[in-house]
Amino acid sequence: EQNVKDGLAKTKWPGRFEKLCAKPDFILDGGHNPQCVQAATDALKLYYPNQKITFLVGMMADKDTHEMLSQMTQIAKQFVCVGLDSPRAMSAEKLCEVLQQEYHAQAVSCQNLQQAVQTAFLLAEENDVICALGSLYLAGEIRFMMESNKR
């Protein structure tokens with residue numbers, strides 16, 4: 001039983017509540033359905049109590065975007081929206097429009113992922129938290145971009 005506990009404590013799952021950098025903390029989560037987004041927002045509440053989150057979001061249009069956005073808006077400071085490289089993706093403009101009109105959220109639309117990440121860092125202060133959430137595509141693209149920038 002102790003070996004199982006030790007093994008789980010050392011387990012890493014890239015793209016699932018993964019902290020990519022600090023000051024501000026940048027959390028990457030590939031959550032792409034209401035259950036995963038709920039788990040991510042619950043973890044954000046646990047690790048960053050009483051803190052509002054800057055969400056960097058990109059989503060597929062055929063997912064339950066309304067339920068996911070509803071969960072995020074409960075702890076959101078603001079949103080940075082980006083479209084993804086998929087024919088199923090919701091455009092950044094549409095995502096931003098939904099957030100502003102239906103949830104009265106502060107949201108900006110970006111033309112590409114590089115601009116979205118830069119915008120999120122510009123909007124966030126040193127002690128803030130940025131969470132990229134809403135799609136495995138988004139998680140993969142961000143991990144690739146961040147790893148490429150480290151080299």
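A salt bridge here is a side-chain nitrogen of Lys or Arg within 4 Å of a carboxyl oxygen of Asp or Glu. By that criterion, Asp 62 and Arg 88 are joined through their side chains, with an N to O distance of 2.8 Å. The structure is a predicted model, in which local features need pLDDT of at least 70 and side-chain atom pairs count only at pLDDT 80 or more, while totals for chains, interfaces and linings use all residues. Residues are numbered from 1 along each chain as its sequence is written, and side-chain values use heavy atoms, with hydrogens and water left out.

**Salt bridges**

- A search of the whole structure finds seven salt bridges.
- Asp 62 sits in the loop between β3 (53–57) and α3, and Arg 88 in the loop between β4 (76–82) and α4 (92–103), so their pairing ties together parts that are 26 residues apart in sequence. Helices (H or I, at least four residues) and strands (E, at least two) are DSSP runs, numbered from the N terminus.
- Asp 62 is exposed at 51% relative accessible area, whereas Arg 88 is partly exposed at 34%. The classes are buried for under 20% relative accessible area, exposed for over 50%, and partly exposed in between (1.4 Å probe, protein chains only).
- Lys 19 pairs with Asp 25 in another salt bridge, where the closest N and O atoms are 3.6 Å apart. Lys 19 is partly exposed at 47%, but Asp 25 is buried at 14%.
- Glu 97 and Lys 94 form a salt bridge with an N to O distance of 3.8 Å. These two residues are three apart in helix α4, which means that about one helical turn separates them.
- Glu 97 is partly exposed at 36% relative accessibility, and Lys 94 is partly exposed with a relative accessible area of 40%.

**Packing of α2 and α3**

- Helix α2 (residues 34–47) packs with α3 at an angle of about 10°, and the axes are 9 Å apart. Axes are lines fitted to C-alpha atoms, for helices over the stretch in contact, and angles run from 0 to 180 degrees between N-to-C directions.
- The two helices α2 and α3 are therefore roughly parallel (angles under 35 degrees; over 145 is roughly antiparallel, 65 to 115 roughly perpendicular and the rest oblique).
- From α2, the contact (heavy atoms within 4.5 Å) involves Pro 34, Val 37, Gln 38 and Thr 41, and from α3 it involves Glu 67, Met 68, Gln 71 and Met 72.
- By class, the residues in the contact of α2 with α3 are four nonpolar, three polar and one charged. Ala, Val, Leu, Ile, Met, Phe, Trp, Tyr, Cys and Pro count as nonpolar, Asp, Glu, Lys and Arg as charged, and the others, Gly among them, as polar.

- Strands β1 (residues 18–21) and β2 (residues 25–28) run antiparallel and are joined by three bridges; strands pair if DSSP finds at least two bridges between them.
- Glu 18 is opposite Leu 28 in β2.
- Three residues lie between the two strands of the hairpin, and Lys 23 in the turn has a positive phi of about 60°.

- Thr 65 belongs to helix α3 (residues 65–73) and is buried at 5% relative accessibility.
- Leaving aside residues up to four places away in sequence, Thr 65 touches Met 59, Met 60 and Met 90.
- Thr 119 is in helix α5 (residues 113–123) and is buried at 18% relative accessible area.
- With residues up to four places away in sequence not counted, Thr 119 touches Val 80, Val 108 and Cys 110.
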